[in-house]
Amino acid sequence: MAVFRPTEKDPLKWPKAVRPQWRTSRRIGIHTSIAAGVENAAERAYRLGCNTFQIFSTSPRQWRPYELGRTQCEIMNRLRQQYDLKPLVIHSNYLINLAGTNEPFLKKSVEAFRGELERALALCAEYLVLHPGSFRGASREEGLERTAIAIAEASKGLDLAKGGLTVLIENTAGAEYSLGGTFEQVAELIEMLCRTLPVAACIDTCHVHVAGYDIVSDDGRKLTLQHLERTVGLKNVRVWHCNDAKAERGSRLDRHEHIGRGKLGLEVFRALLNDRRLRNAAFIAETPIDDPGDDLRNVESLKKLVV
Ligand SMILES: [Zn+2]
Ligand SMILES: [Zn+2]
């Protein structure tokens, strides 16, 4: 079979027949563009050979939310069924900080997060990923507590369980004042929230590495996964963000790299994808697109590692 070399960045402009044929027993996908409408992401994900995918449901760096029509949700549902794309993961807006001390900003964040929850429910998404935020101006404990209160407030009156939606707390690169740089902090937040709403974790491989955990050496990865099991619990990690890292371990620099081309290397992803304890998780890349087809290549890199 001839290798397809895309010249266009947008998979919607590729011939439909190029979808890679091989199947995988894991759920593997990539963060996908919602350009020209959220529902187009499903078609793009399919053409990239995904069986799961992640999107933003609005512009990730603006407060004003996108309007989401009923028809868009219906098209999304139809395409997801037709192409067997599940779960659908939505990543929250980056501006949201539910741990902050600035009242007007916190209010804005709560409103924006409520919008995220409402759109995730309307789109029948399984997961909504949230970065736990920055506690600058207060203590870490206060930050955690404020986040838990803010999430509870934002979700008031919404039935997430009925909608099949779970909020996922993502581990972060551990920058100063940011919550979620350790597994303990992710676990603590889940513990605080689990009585209010369905909540679990999303673990990002690049963030794990730059936050200082060893997932590269075999022994280090074994210990890191043991630590993750003892704190968050491996069964609670519903989504793995599969990103290689440009920066060194412990650098706290969050720079994603193509699968296998960074400081992590292919073996890390091979180990995670084939770990029986993680077989029910979704593996989603958030890798850069420097050249047309980088997204396709990163999805294929992950799929090829599954034995
Ligand atoms: Zn991530
Ligand atoms: Zn990142």
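Reader: Why are helix 4 and helix 6 called oblique to each other?

Author: In this predicted model, helix 4 (residues 140–154) and helix 6 pack at an angle of about 40 degrees, with their axes 10 Å apart. Angles under 35 degrees count as roughly parallel, over 145 as roughly antiparallel, 65 to 115 as roughly perpendicular and the rest as oblique. The pair is therefore oblique. The axes are lines fitted to C-alpha atoms, for helices over the stretch in contact, and angles run from 0 to 180 degrees between N-to-C directions.

Reader: Which residues make that contact, and what is the hand of the crossing?

Author: Helix 4 brings Leu-144, Thr-147, Ala-148 and Ile-151, and helix 6 brings Gln-185, Glu-188, Leu-189, Met-192 and Leu-193. Two residues are in contact if their C-beta atoms, placed from the backbone, lie within 7 Å. The crossing of helix 4 and helix 6 is right-handed, a word used if the near helix is turned clockwise from the far one by less than a right angle, with anticlockwise being left-handed.

Reader: What makes helix 6 roughly parallel to helix 8?

Author: The axes of helix 6 (residues 183–193) and helix 8 come within 9 Å and cross at roughly 20 degrees. That angle makes the two helices roughly parallel. Phe-183, Glu-184 and Ala-187 of helix 6 meet His-227, Leu-228 and Thr-231 of helix 8.

Reader: Is His-227 buried, exposed or partly exposed, and how do you know?

Author: His-227 has 14 other C-beta atoms within 10 Å, so it is partly exposed. The cut-offs are 20 or more for buried, 12 or fewer for exposed, and in between for partly exposed.

Reader: What makes the phi values of Ala-36 and Tyr-177 worth a remark?

Author: Most residues other than glycine have a negative phi. Phi of Ala-36 is near 65 degrees, and phi of Tyr-177 is near 70 degrees. Ala-36 sits in the loop between strand 1 (27–31) and helix 1 (40–47) and counts as exposed, with 10 C-beta neighbours inside 10 Å. Tyr-177 lies in the loop between strand 5 (166–170) and helix 6 and, with 15 such neighbours, counts as partly exposed.

Reader: How do you know that the buried residues of helix 9 are on the same side?

Author: Val-268, Phe-269, Leu-272 and Leu-273 are buried in helix 9 (residues 266–273). They cover an arc of only 120 degrees around the axis, which puts them on the same side of the helix; the arc is that of the directions from the helix axis to the C-beta atoms. Their cover includes helix 7 (205–210) and helix 10 (294–305).

Reader: Finally, how many helices and strands are there, and why is the chain called as compact as a globular protein of its length?

Author: There are 10 helices and 10 strands, where helices (H or I, at least four residues) and strands (E, at least two) are DSSP runs, numbered from the N terminus. The radius of gyration is 19 Å, close to the 19 Å that the globule rule gives for 307 residues, so the chain is as compact as a globular protein of that length. The radius is taken over C-alpha atoms, and the rule is 2.2 Å times the number of residues to the power 0.38.

Notes:
Residues are numbered from 1 along each chain as its sequence is written. Chains are lettered from A and ligands numbered from 1 in the order in which they are written. This is a predicted model: local features need pLDDT of at least 70, side-chain atom pairs count only at pLDDT 80 or more; totals for chains, interfaces and linings use all residues.
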